[in-house]
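Let's take a walk through the pockets of this protein together. Have the sequence and the 3D view ready, and follow along as we go.

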Amino acid sequence: MIELPAGRPLEGQKVLVIGIANEHSIAFGCARAFRRLGADLAITYLNEKAKPYVEPLARELEAGILAPCDVSVPGQLEAVFDTVRQTWGRLDVALHSIAFAPKADLQGRLVDSSAEGFAVAMDVSCHSFIRMARLAEPLMADGGTLLAMSYLGAVRVVPNYNLMGPVKAALESSVRYLAHELGPRQIRVHAVSPGPLKTRAASGIKDFDHLLAEAAEKAPVGELVDIDDVGVTTAYLATPYARRLTGTTVYVDGGLSIMA
Ligand code: NAD
């Protein structure tokens, strides 16, 4: 028989959440769900400008660790993992909920994207997840879960998603390869693919309101998802209830992705 937790399924688990910018962030919905299931949290903020928005949320979440992390600044991601190691000595779950592309590249055609813009988008939105996995591995001696946020634009052409489509495709493929490589260490790896949500990152996408309206109309459940919907599914993937799931992209989109 599978042993299931008697109380809250993530009681005492150590969870690192990267990607909270404000209370609308998908990462905040996830952090809230992890906390409700009993986890202890480490939260990061991008820089000093972002800190005043994130700090009150970290307090609300009773986060034991609050640290700066801009993955494009050499050494910052490593410093976060150092703090986790010194404070907790281990890590059970790490969530990557960040993406970035320079505006001109994000809003132009893929065909016109610059090598520099593409490389920055790939580094911040994809390779930083691989770096997270590398840093998490030695802290996950008893296994763990690595989670990254993707989007339908990885597998279908979503007008205006532009170069983020191929970047998210690389992220989803990385999830599969990491799941293969880390599976023997009982480290499970997933991408979560939410339906469109009004966040700061989404505001950089042209005609996003149109995408939202279309999603609400087309999704079988007839309404948009919110950050708590994404949060509870993401947190579930880290529980023993999902212990034989790895390498997949889990859609939290009210069924939108099945529609033609
Ligand atoms: P958000 O703006 O709240 O979060 C994006 C986060 O990325 C911010 O916290 C920002 O600080 C962080 N970030 C950007 N550059 C960074 C860097 N160099 N180092 C560290 N952090 C950096 O928006 P969101 O919608 O919550 O985005 C979170 C994730 O969800 C992204 O991967 C996004 O692509 C994905 N996603 C969003 C939607 C949507 O409709 N909003 C849908 C599917 C997937």
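The lining of the second largest pocket is made up of 7 nonpolar, 8 polar and 6 charged residues. This is a predicted model, and in it that pocket has a volume of about 460 Å³.

Now turn to the largest pocket, which holds about 1400 Å³ of space. It is lined by 46 residues, and I98, A99, F100, R200 and A201 are the closest to its centre. Elements giving two or more residues here are α1 (26-36), β2 (40-45), α4 (103-107) and α6 (164-182), with α4 providing the largest share, 3 residues. By class, this lining divides into 28 nonpolar, 13 polar and 5 charged residues.

The largest pocket is also where the ligand sits. Around the ligand you can pick out 28 residues, the closest being S25, D70, S150, L197 and T199. This shell comprises 18 nonpolar, 7 polar and 3 charged residues.

For A201, a polar backbone atom is 2.9 Å from an oxygen atom of the ligand. K168 uses its side chain instead, with an N or O atom 2.9 Å from a ligand oxygen. Of the 820 Å² of accessible area that the ligand has on its own, the protein covers 92%.

Definitions and conventions: Residues numbered from 1 in each chain as written. Predicted model: local features only at pLDDT ≥ 70, side-chain atom pairs only at ≥ 80, totals over all residues. Heavy atoms only, no water. Near = heavy atom within 4 Å. Polar contact = N/O pair within 3.5 Å; in protein donor to acceptor, adjacent residues only side chain to side chain. Areas by Shrake-Rupley, 256 points an atom, 1.4 Å probe, with all protein chains shown as cover. 1 Å grid on protein atoms, 1.4 Å probe; cavity = no way out; pocket = protein on both sides within 12 Å on 5 of 7 lines; lining within 4 Å. Sits in = over half its atoms within 2 Å of the grid points. Nonpolar A, V, L, I, M, F, W, Y, C, P; charged D, E, K, R; others polar. Points joined across faces, edges and corners; volume = space filled by probe spheres on them. Helix = DSSP H or I, 4+ residues; strand = E, 2+ residues; numbered from the N terminus.
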